[in-house]
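Please look over the sequence and the structure shown here before reading on. The briefing that follows goes through a few topics one by one, for a reader who is new to them.

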Amino acid sequence: MKFKTFAWFVGPSLLMMLLFILAPLISVFWQSFNLTQPVMQTQMVETCTPGFITQICVTEEKTIPVLDDEGNMVTTTTFVGFDVYRELLQPEKAWQKITAGDWRGLLLIDFWGALRFTLTFTFITLPLVIGLGLGLAVAVNSLVKSLRGSVIFITLLPFIITPVIGALSIKWLFIGDGILTAALEWWLDKDIAMFAEAWTIEFLMLFYRVWHAAPFAFVVFYAGLQTINSDSLESAVIDGASRLQQLWYIVIPHLMPLIVFVSLIHLMDAYRVFEEIVGFSSQSHVISLQWLTYEFLVPDQAGNRSVSRASASAMLTMIGIIFLLIYPLRKTWKQYYGGNS
Amino acid sequence: MSLPTYRQLPLSMKLFAYGFVAIWCLIAAFPILWVAVISFKLPIDSFDHNPLVVLLGPNTVAAGKGISVFDLVMFIGLVWALFRVLKSKFMIWGRHSGFAAFPLLGWASVSLGFMLLIVVTLFMVLPGISAFVNPNLGFLGQGIIGFTLEHYEAIWVEREFYRNFINSMVVTFGVVTISLTIGTLAGYGLARSGTKLAFWLLVVALVFRALPHSVLVAGYMPVFINSAEILAPIFGDAAPTFYGQPLAVIAVLVAINQPFTIWMLRSFFQNIPVELDESARVDGCNHIQAFRHVIMPVMWPGVITTGLFSFLLAYNDFLVTSLLLDMQNQTMVPAIANFFNMETTSTDQVQAVAAAVSIIAPLFVLVMVFQRQIVSGLTAVAVKG
């Protein structure tokens, strides 16, 4: 294919990605070092209240925003360097907490708390999703053929469903005296409030994510199991390998590229954890990095959005995902292309 | 084909496998089914702590809102028949619906027609029949299970959820058509070009896929809000404000979706033999003609599968739509988030549940009809990517 034809085919898609992915990245980078604020001016304001005989007048200095001719606030954008980052990370305070061993205090700073949750969330769900997906794939593969279609159908439901609503539907089982809370109370014989404490909410969020992501792992591994070479399994049986040994020495190595693939996708997706926070309304207990950015972007009561802070937290989020993915990506890279070059 | 004896599992392991799968199926389906059950009951039954009360809804029955055995049988029969027809005929109808050149439009209109059909039967035809038949059936015609559609009516009619539905349809339709159009071209180009450039484009796309969406939205936000000012030198007074516009959100979602789309379509195109377009080129076609006359007729399975995932992304999105659309153009998922933030009484809560079920019902049908395509799509990227 000539370059010109190739450009015609790929052009529109590339243009969209440049315009709507690369350009915003650059603008986020720029915004994070600049602060846009309404221009304020101090004015002497005299306020008078009716009093007996004479009015009582107070003169005070007030800071009010400057308005232009049309009544809009005048804003200025100033270059502030790393100030916004500093405000977000609070390095002095964080360092002081770390040296004092006060981890709880450190996590009270929004960013560090969000980072803690996002990372633990990602790394706890990863092995659970891979394990459950693998277990399901092996188990479904041993079912009679006529059942498999229906099982796959049911399994796909949690994966396909709107994430916010999936999280909500699990929340509704537990909310107040919902049936599962009632069942737990009856079983443990004590009063339980699932949404009063951070760790129970966090547990439900982990559960939701495994529930939502395991079907994807399952479908991929199940497809991988169909392509397994029966000759190697047969020779393993002749050599006297037990089922566990077959699984360990033949099935898992065969699925290894798929396991790496699913892990990569899961790392990307779990790091983006966001919908769970909305669904379980956990923002007063735990937040994630994406939620941090989201919250800055939602207008506050005065209608202002903290774009600079959102940009800074977005940059930090992005640096995090780069760190997270660089090791597995390099490793896959070497595996596939190391032999050639 | 049965396995040779030495490959068959011993009974104990078989039982374990069946038990494991059964428990998983229960966990996978239960929350969804339960939410659906709740949405048909009066609030007093919906959040009862006794599961039997929630299932049977005695208070709902007592309020005169029950369905009889006859209704239940009729309902299940009808739903089953509809699914049967849908599953076997959907593809064919979509293709012969008069939009031969634009099959996507055909499929979209067939799906909308079916949704309309289901709503009409559920809310008009069925109650009509049962009002006529039930009194003459004795015991079989008595209400035994609580069942009311009032929350759905409240949500869709009084709270005007249909507006959000229309917005969702506009956004999803736009995203699916545009991202498939440009994605198919790019996927074909990438699949047929073995250059280093194509390889690097794919790697960059993979990196783009990893980006959290909030990062991108933080970049759009100020530009979209001030776009009228920014574009004023070029367009003058006609310069549009992008913020709140469905078209802007469609463009954003298309871009977010592109990396995945081109990866998936590339792997589908790689499965179409190169000899096919080579022979067309021998007959005198250029690349674009070959694509138009030889590849397009055989690419639909891959395009449909990719389209499904584009649809899911656009339909399920919360972050982008909630930040970049104004109230008037709000889609369904952010709208429901507003519902449950406002909910105060238990009636409001059940109405939020009904809205949630309304959102996931089409997805349920989607999996039923397209199960095979979804599975093949997921594996295409993984196995051949």
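**A salt bridge between the chains**

A:Asp269 forms a salt bridge with B:Arg209, and the closest N and O atoms of the two are 3.5 Å apart. The model is a predicted one, and across the interface of chain A and chain B the rule finds 1 salt bridge.

**The interface of chain A and chain B**

- The contact draws on 94 residues from chain A and on 98 residues from chain B.
- Within chain A, the residues that lose the most area to chain B are A:Phe9, A:Trp172 and A:Arg243, which together account for 9% of what that side buries.
- About 8600 Å² of area is buried between chain A and chain B, and carbon and sulfur atoms give 81% of this area.
- The size of an interface is often expressed in this way, as the accessible area lost when the parts come together.
- Between chain A and chain B, 16 residue pairs are counted in polar contact, with both residues at pLDDT 80 or more.
- On the side of chain A that touches chain B, helix α1 (residues 3–31) of chain A gives the most, with 18 residues.
- Sorted by class, that side of chain A has 71 nonpolar residues, 16 polar residues and 7 charged residues.

**Helix α8 of chain B**

- Helix α8 of chain B covers residues 161–192, which makes 32 residues, and from its first C-alpha to its last it reaches 46 Å, close to the 46 Å expected at 1.5 Å a residue.
- Because 23 of its 32 residues are buried, α8(B) is largely enclosed by the rest of the structure.

**A buried arginine in chain A**

- A:Arg148 is found in helix α6 of chain A, which spans residues 145–160.
- With a relative accessible area of 11%, A:Arg148 falls under the 20% limit, and therefore A:Arg148 counts as buried.
- Leaving aside residues up to four places away in sequence, A:Arg148 touches A:Val140, A:Asn141, A:Leu143 and A:Tyr222.

**A serine with positive phi**

- A:Ser281 sits in the loop of chain A between α12 (275–279) and α13 (289–297).
- The phi of A:Ser281 is near 40 degrees, which is a positive value in a residue other than glycine.
- Most residues other than glycine have a negative phi.
- A:Ser281 counts as partly exposed, because its relative accessibility is 29%.

Conventions:
Residues are numbered from 1 along each chain as its sequence is written. Chains are lettered from A and ligands numbered from 1 in the order in which they are written. This is a predicted model: local features need pLDDT of at least 70, side-chain atom pairs count only at pLDDT 80 or more; totals for chains, interfaces and linings use all residues. Side-chain values use heavy atoms; hydrogens and water are left out. Contact means heavy atoms within 4.5 Å. Buried area is the accessible area (1.4 Å probe) that two parts lose on being put together, summed over both. A salt bridge is a side-chain nitrogen of Lys or Arg within 4 Å of a carboxyl oxygen of Asp or Glu. A polar contact is a pair of N or O atoms within 3.5 Å; within protein, one must be able to donate a hydrogen and the other to accept it, and residues adjacent in sequence count only if both atoms are side-chain atoms. Helices (H or I, at least four residues) and strands (E, at least two) are DSSP runs, numbered from the N terminus. Ala, Val, Leu, Ile, Met, Phe, Trp, Tyr, Cys and Pro count as nonpolar, Asp, Glu, Lys and Arg as charged, and the others, Gly among them, as polar. The expected span of a helix is 1.5 Å times one less than its number of residues. Buried means under 20% relative accessible area, exposed over 50%, partly exposed in between (1.4 Å probe, protein chains only).
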